[in-house]
Amino acid sequence: MKAMSNDRPQAVCASDFASIVGEENAVCLWENIELSQQKRIQQAIVSGNSPSCIVYPRTQEQLAAVIAIAHTNNWRVLPCGSGSKLSWGGLAKGVDVVVSTERMNQLIEHAVGDLTVTVEAGMKFSDLQALLAKSRQFLAVDPTAPESATIGGIVATGDTGSLRQRYGSVRDQLLGITFVRADGEIAKAGGRVVKNVAGYDLMKLFTGSYGTLGLISQLTFRLYPLAEASGTVILTGKAEAISQAADILRGSALTPVQADLLSAKLVSSLGLGEGLGLIARFQSISESVKEQSNRVLEVGQKLGLNGAIFADDDEANLWQRLQERIHTTARESVITCKIGVLPTDAVEILTQVELGLIHISSGLGLLQLESKNQVLIVRDRTQASSGFLTILEAPVAVKEQIDVWGYTGNALPLMRRIKEQFDSKNILSPGRFVGGI
């Protein structure tokens, strides 16, 4: 059948889906969607195009049936969870319908003794952590917008945060995945136990794929026990000394769970002092936390850096404010980018931007840049050293003018073949990924 055009009556699309999801308010026409949600969706699509409706399946079977109808009719689908990261990545083209997994939010299984959990994709990260905390366990990621982010959205965007210092990325913690293919069939990879490696590469493939390969419906993760104590050290001062402190920390036997370098403006905006910053968090038994924190302070003192230790509510408040500051922009024109550089180049990059954070071991981080010209300048500098700079959030006009991903590798033909295998009709998030995939 012919793909739905923008002048097709919206009621036709809605009625097709309403027969599946049934429940009242499970299909919402575009004109009835709240303005704030309309704005989030418009940040993810090419300007001048609005989807017909948004659909909220409650079960995996409903989701599969919804996608099957879209596939039959060649309707282009924009998958999402709560929409907290819809503004990330490239702009989807010609979207006919938005499909949200937000109401698929049940706990499937929590194997406390095995340290694993299986949940539906729409479960909110904050709700899952609250459930796990009752058993003194947690999922070791610290995503953007933790109160509203869904587990499926975190995986789809590969959103890990500073905890990757100790626990690795989302890919490293994902044990199993269930997803709905572009043709509406349900498929699985991996399992619900830590030692099961079946489908390992497929799970890696879906992490960070921005909904272009399938719609994630269920996920299984490895968990970790909550630590007895926690403490955070802040060092601030001259760039050269901060760089030396980072080198010492990387080469030491210390085991921070989070460790980041902070730009001078980020340091000052948090009221932490002047100059660049190094923030390191330790979580273990109380004696270990104190010992490791003091050793970092000693390193700072020898290098002429100012230092402070945060604990309890002050520490929790500090990390919350840091998260909010690096992801919140004062002006809509600000461009938020993900950067990847050699860890030894991180300090130099941070001296060239106003607001930025880079993990000391992975060299991954976030920058807030002022203009598309600054994006291109910083991108050239990072690519010259085999790094990358990807735009996450920016005005739609900016994303339409420059390449969001800035990919210069040689894997694009392979990526296109994978997309063809998973979504031959190109109906899932068309245009959101690298190379317009």
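Which residues lie nearest the centre of the largest cavity? They are Pro79, Cys80, Gly81, Gly153 and Ala156, out of 26 residues that line the largest cavity. Before going further, keep in mind that this is a predicted model, where local features need pLDDT of at least 70 and side-chain atom pairs count only at pLDDT 80 or more, while totals for chains, interfaces and linings use all residues. Residues are numbered from 1 along each chain as its sequence is written, and side-chain values use heavy atoms, with hydrogens and water left out.

How far can you trust the model? The protein averages a pLDDT (the predictor's confidence in each residue, from 0 to 100) of 92, and 95% of the residues score at least 70. The stretch to treat with care is residues 1-12, where pLDDT stays under 50. For residues 1-12 the model has 20 contacts (heavy atoms within 4.5 Å) beyond four places in sequence. Where pLDDT is low, the predicted coordinates should not be read in detail.

Back to the cavity. On a 1 Å grid over the protein atoms alone, a cavity is a set of points where a 1.4 Å probe fits but cannot get out, a pocket is an open set with protein on both sides within 12 Å along at least five of seven lines, and lining residues have an atom within 4 Å of a point. Grid points are joined across faces, edges and corners, and a volume is the space filled by probe spheres set on the points. The count comes to 1 cavity of 30 Å³ or more, and the largest cavity holds about 320 Å³ of space. Strand 3 (77-80), helix 5 (151-157) and strand 10 (215-222) each supply at least two residues of its lining; helices (H or I, at least four residues) and strands (E, at least two) are DSSP runs, numbered from the N terminus. Helix 5 gives the most, with 5 residues. By class, the lining of the largest cavity has 11 nonpolar, 13 polar and 2 charged residues, where Ala, Val, Leu, Ile, Met, Phe, Trp, Tyr, Cys and Pro count as nonpolar, Asp, Glu, Lys and Arg as charged, and the others, Gly among them, as polar.

Strand 1 runs antiparallel to strand 2 (residues 53-55), joined by 3 bridges, and Val27 has Val55 as its bridge partner in strand 2.

Strand 8 (residues 174-180) and strand 9 (residues 186-190) pair over 5 bridges, and in their hairpin Gly184 takes a positive phi near 95 degrees.

Notes. Pairing = 2+ DSSP bridges.
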